[in-house]
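Please keep the coordinates open while reading.

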Amino acid sequence: EHRASSSPAVAAGSEAEEIEVLDSEDVLPMAAEDHLSLLYQFDPDNTGYISTEKFRTLLQRHGSELDPHKLEVLLALADSNSEGRICYQDFVNLMSNKRSNSFRQAILQGNRRLCSKALLEETGLSLSQRLIRHIAYETLPREIDRKWYYDSYTCCPPPWFMITITIVAFFLYNGVVLDRFVLQVTHPLYLKNALLYHPQLRAQAWRYLTYIFMHAGIEHLGLNVVLQLLVGVPLEMVHGAARISFVYVAGVVAGSLAVSVADMTAPVVGSSGGVYALVSAHLANIVMNWSGMKCQFKLLRMAVALICMSFEFGRAVWLRFHPSAYPPCPHPSFMAHLGGVMVGITLGVVILRNYEQRLQDQTLWWIFLSIYVIFVLFAIFWNIFAYSLLDLKLPPPP
């Protein structure tokens, strides 16, 4: 529960501090003196709360000066509150493009629905505005989140992570260093590089990550690049680089570790672990919030994504058991795909479901994160001890 100390007005005697805080948040287009007198008028006892009746009076008086979407959210907040009072800090947070869990829950649990014209149906939209709104409808299941995202998105920073990963994977290494865009698994240089994961070189820790920059054929690279751009870029635009990069890298690491545990004699190439983590998290989020997802042709898009994933996975399985071009070293393993999927439907779902909420406040997040950490620790000890205990016949180092 919010205390009075969390309010912008901490004490009646600290007028200068109150003026500075309120003015810096740019709550309403009013002077700082008006903020101060307004706060004392509606919250004379410095409780940190405003009654819903007085709150409505405030909205009626200054509603024309607010963004229409924010005004609608404020009205929803007033209508949904059952205790007859609203935390003043929530109001300040909204006007400064911030919101707390309690604020969001007050909206979601209220009886009033946001019933204005849908974002996509508004007229006079530019191409960039329509693109941003389409992305919001394809990735977010609730109208309140979609409105919030559209109002706060500035494209700064741009979705740099997925674009950078794709450029590095496609151009810098394959095109510049190797002087060719794709190395087939039948190419003599396939195993002789410092990037792919090889069971004999598992002590070189960077290989558990850098294997994503090598691909087993043009079709392997093409499908991963397409899925990365079509799914990863919109997700990063909505959820930010930090969350999406975490899901992606977690899927990559889980993929190589899954191979080292379940397919111990095989190498690994390709970014399928990270790609499958993102795609499976997105698809699972759509299924879990089917009624709320307003994206067009969502069933068709799911079918296309599943077909592409199934084709690429089926190809990886076939290639793994196909006679190797360089025996005794087998073709790359397909277990990285499954490791990515498991990360996507656990950690990924929690991250994509909780838009703009602090993950450290989510119990399910800590449960899945603990499971992931336990798996990583188990795989590390497995790599240290199991290979020697099982006395496996590993392929020779490249």
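A nonpolar core is a set of buried Ala, Val, Leu, Ile, Met, Phe, Trp, Tyr and Cys residues joined through side-chain atoms within 4.5 Å. Buried means under 20% relative accessible area, exposed means over 50%, and partly exposed lies in between (1.4 Å probe, protein chains only). The model is predicted: local features need pLDDT of at least 70 and side-chain atom pairs count only at pLDDT 80 or more, while totals for chains, interfaces and linings use all residues. Residues are numbered from 1 along each chain as its sequence is written, and side-chain values use heavy atoms, with hydrogens and water left out.

**Core**

- The largest nonpolar core has 75 residues, of which Tyr 149, Tyr 248 and Tyr 372 touch the most other members.
- Two or more residues come from each of helix H7 (127-139), H8, helix H9 (160-177), helix H11 (218-262), helix H12 (272-288), helix H13 (298-321), helix H14 (335-353) and helix H15 (363-390).
- The most is given by H11, with 17 residues.
- Helices (H or I, at least four residues) and strands (E, at least two) are DSSP runs, numbered from the N terminus.
- Tyr 372 touches Ala 250, Val 253, Ala 254, Val 343 and Leu 347, leaving out residues up to four places away in sequence; contact means heavy atoms within 4.5 Å.
- In helix H8 (residues 143-152), eight of the ten residues are buried.
- Among these buried residues of H8 are Glu 143, Asp 145, Arg 146 and Lys 147, as well as Trp 148 and Tyr 149.

**Annotated active site**

- An unreviewed UniProt entry lists Ser 272 and His 337 under "active site".
- The two are spread over 66 residues of sequence but cluster in space, with a largest C-alpha distance of 5.6 Å.
- UniProt positions are given in the numbering used here, feature names are shortened, and annotations may be inferred rather than shown by experiment.
- Ser 272 is found in helix H12 and counts as buried because its relative accessibility is 2%.
- Not counting residues up to four places away in sequence, Ser 272 touches His 220, Asn 224, Glu 312 and His 337.
- His 337 is in helix H14 and counts as buried because its relative accessibility is 4%.
- Apart from neighbours within four places in sequence, His 337 contacts Ser 272, Tyr 276, Glu 312, Phe 313 and Ala 316.
- The side chains of His 337 and Glu 312 are joined by a polar contact of 2.7 Å. Such a contact is a pair of N or O atoms within 3.5 Å; within protein, one must be able to donate a hydrogen and the other to accept it, and residues adjacent in sequence count only if both atoms are side-chain atoms.

**Annotated transmembrane regions**

- The unreviewed UniProt entry gives "transmembrane region" for residues 160-183, 244-262, 268-287, 299-321, 333-352 and 364-390.
- Residues 268-287 are 80% helix and 0% strand, and their end C-alpha atoms lie 30 Å apart.
- Residues 299-321 are 100% helix and 0% strand, with end C-alpha atoms 33 Å apart.

**Aromatic rings**

- The structure holds nine aromatic pairs. Rings of Phe, Tyr and Trp (its six-membered ring) pair if their centres lie within 6.5 Å; planes under 30 degrees apart count as stacked, over 60 as edge-to-face and the rest as tilted.
- Trp 160 and Phe 161 form an edge-to-face pair, 6.0 Å centre to centre with 85 degrees between the planes.
- Trp 160 is partly exposed at 45% relative accessibility, whereas Phe 161 is buried at 10%.
- Phe 381 and Phe 385 form a stacked pair, 6.3 Å centre to centre with 5 degrees between the planes.
- Phe 381 and Phe 385 are separated by about one helical turn because they are four residues apart in helix H15.
- Trp 160, Phe 161 and Tyr 248 form one aromatic cluster.
- The charged end of Arg 202 sits over the ring of Tyr 387, 3.7 Å from its centre. The criterion is NZ of Lys or CZ of Arg within 6 Å of the ring centre and within 35 degrees of the ring normal.
- Arg 320 lies over the face of Phe 321, 5.8 Å from the ring centre.

**Gln 200**

- Gln 200 lies in the loop between H9 and helix H10 (207-210) and is partly exposed at 34% relative accessibility.
- The C-alpha atoms of Gln 200 and Pro 396 are separated by 7.0 Å, although the residues are 196 apart along the chain.
- Leaving aside neighbours within four places in sequence, Gln 200 contacts Leu 394, Pro 395, Pro 396 and Pro 397.
- The side chain of Gln 200 reaches the backbone oxygen of Pro 395 at 3.2 Å.
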